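Good morning, and thank you for coming. Please look at the sequence and the structure as I show them, and keep them in view while I speak.

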Number of protein chains: 2
Amino acid sequence: MTNQHFSTKDRILSAAEDLFAKSGFAGASLRQVTSVANVNLAAVNYHFGSKENLINELFKRRLDELTAQRTKSLEQVLKEPSITLESVLEAFVAPALTLAQDRGGGQSFVRLLARAFAEQDQRLRRFVSDNYGHVLKEFAKSISSLLPHLAKEDLYWRLDFVSGALTYAMSDFGMIKKPPTLSEDQHRQNAARQFVRFAAAGLRAP
Amino acid sequence: MTNQHFSTKDRILSAAEDLFAKSGFAGASLRQVTSVANVNLAAVNYHFGSKENLINELFKRRLDELTAQRTKSLEQVLKEPSITLESVLEAFVAPALTLAQDRGGGQSFVRLLARAFAEQDQRLRRFVSDNYGHVLKEFAKSISSLLPHLAKEDLYWRLDFVSGALTYAMSDFGMIKKPPTLSEDQHRQNAARQFVRFAAAGLRAP
DNA sequence: CTACCATTCAAACACTTGTTTCATACAGGA
DNA sequence: TCCTGTATGAAACAAGTGTTTGAATGGTAG
């Protein structure tokens, strides 16, 4: 009953995203993927070459979008007359949370991302560092200039903690139960607000 | 060349810890495990019944120890005349960091723990919540009483961020390179100090 | 010694894995 | 209409999976 309006490639990508998020790369088989996608087993190797390559294209599709949103947000913030630590963090977080609440599979992808990082997947780390490292550096630079008294070493530690808190919280998104009185959008804004406050205070620690 | 001084059971547990940390539960096979452990393949099912059960005993062995250390540390802190947020956090973190730097496989286990949480493994979550939940509640209660002005909802969000930062940072332990001038013990104390400062500030956020 | 028991071992079990093969369907261009 | 290249299909491939079996081992108690 999968939507036949989408191409075979897209149906495979979406099904893979869901299943890999649920069971891991090794845990979900191509037969499960193609079954959910309503596609022949051979289609994966035909369109993607291999399982490994399917995973790469999975990440590329989402990370290109996420990184683009982040650069756009950061650029806007840097244009403003008074730049705050909070606004920079917001520019970093908001696109990720939007993705985490996207109904088109973004939810799965965010969990997948958290999992991939926990897996210490060298392949993925290189991939992220090579393709999106410059954006992360931009954020680090902006944050650093807003905390001029902070030693470089302290900054690195804290940025590591911030990424951890974000990754973990996003993968857990929904564990902190959304009260029925809040819309999803309100819940997301709430999460962003909570995170930005926490992270900013942590970064500013005495 | 695995140390033959240890029993078959222990050799299996250690090898499994390493391999599961490296490749995931689905990614590492029992044949790899038994090969590294220098043990016959059938030994796993003989001593543990199944791969699933092997994983459970893996967690039990380490978490029992970790939780015991944490309760002991917390009890000592609560005995002191003046209790600070920092000392409670320290009681929570120090045993974990000790484990993260233990040469007897603790390093692998910490990464395994981070991975298991990212996997959103329901089985493990129930296991942790059932067996060690009360200790976590103790910490939450202590922290809550030290932040009387903080709304319950805010506290929950921030505790979630704190666990995330810790889990992630520990699994990444060593990514922030230890300078050669520091001993491992100094590096660990440094990490603990950095984390406690960051987490305390985040929890105290305005 | 004998009998017993827990342990180890090689081999096989049934099943799943990613990948390949080759036949088929079907479109658009000459 | 015939040809061509892309896409899909069912089936098979070799390799790897967790688990089971039944025989061999070796130490211990009677």
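Predicted model: local features only at pLDDT ≥ 70, side-chain atom pairs only at ≥ 80, totals over all residues.

Let me begin with a question: why does Asn38(B) count as partly exposed? Asn38(B) counts as partly exposed because it has 14 C-beta neighbours inside 10 Å. By definition, a residue is buried if 20 or more other C-beta atoms lie within 10 Å of its own, exposed if 12 or fewer, and partly exposed in between, with C-beta atoms placed from the backbone.

Residues are numbered from 1 along each chain as its sequence is written, and chains are lettered from A and ligands numbered from 1 in the order in which they are written.

Let us stay with Asn38(B). It lies in the loop between helix 2 and helix 3 of chain B; helices here are DSSP runs of H or I with at least four residues, numbered from the N terminus. Asn38(B) is not a glycine, yet its phi is positive, at about 60°. In chain A, Asn38(A) is likewise placed in the loop between helix 2 and helix 3, and its phi is near 60°.

I turn now to the DNA. Around DNA strand C there are 16 residues, and Ser29(A), Ser50(A), Thr8(B), Asn40(B) and Ala42(B) come nearest. A residue is near a strand if its C-beta atom, placed from the backbone, lies within 6 Å of it. Helix 3 of chain B supplies the largest share of this surface, three residues. By class, the surface near DNA strand C has eight nonpolar, five polar and three charged residues. In this scheme Ala, Val, Leu, Ile, Met, Phe, Trp, Tyr, Cys and Pro are nonpolar, Asp, Glu, Lys and Arg are charged, and the others, Gly among them, are polar.

DNA strand D is surrounded by 16 residues, the closest being Thr8(A), Asn40(A), Ser29(B), Leu30(B) and Ser50(B). Here helix 3 of chain A gives the most, with three residues.

How do the two protein chains meet? In all, 31 residues of chain A are in contact with 31 residues of chain B, where contact requires C-beta atoms, placed from the backbone, within 7 Å. On the chain A side, helix 6 (106-118), helix 8 (152-171) and helix 9 (184-203) each give two or more residues. Helix 8 of chain A gives the most, with 12 residues. That side has 14 nonpolar, nine polar and eight charged residues.

The nonpolar core comes next. Such a core is a set of buried Ala, Val, Leu, Ile, Met, Phe, Trp, Tyr and Cys residues joined through C-beta atoms within 7 Å. The largest one has 101 residues, of which Ala165(A) and Ala165(B) touch the most other members. Not counting residues up to four places away in sequence, Ala165(A) touches Phe198(A), Ala199(A), Phe161(B), Gly164(B) and Ala165(B).

Finally, consider one pair of helices. The axes of helix 5 (residues 85-101) and helix 9 of chain A come within 9 Å and cross at roughly 140°. Axes are lines fitted to C-alpha atoms, for helices over the stretch in contact, and angles run from 0 to 180 degrees between N-to-C directions. The residues of this contact divide into 12 nonpolar, one polar and four charged.

How values were computed
Contact = placed C-beta atoms within 7 Å.
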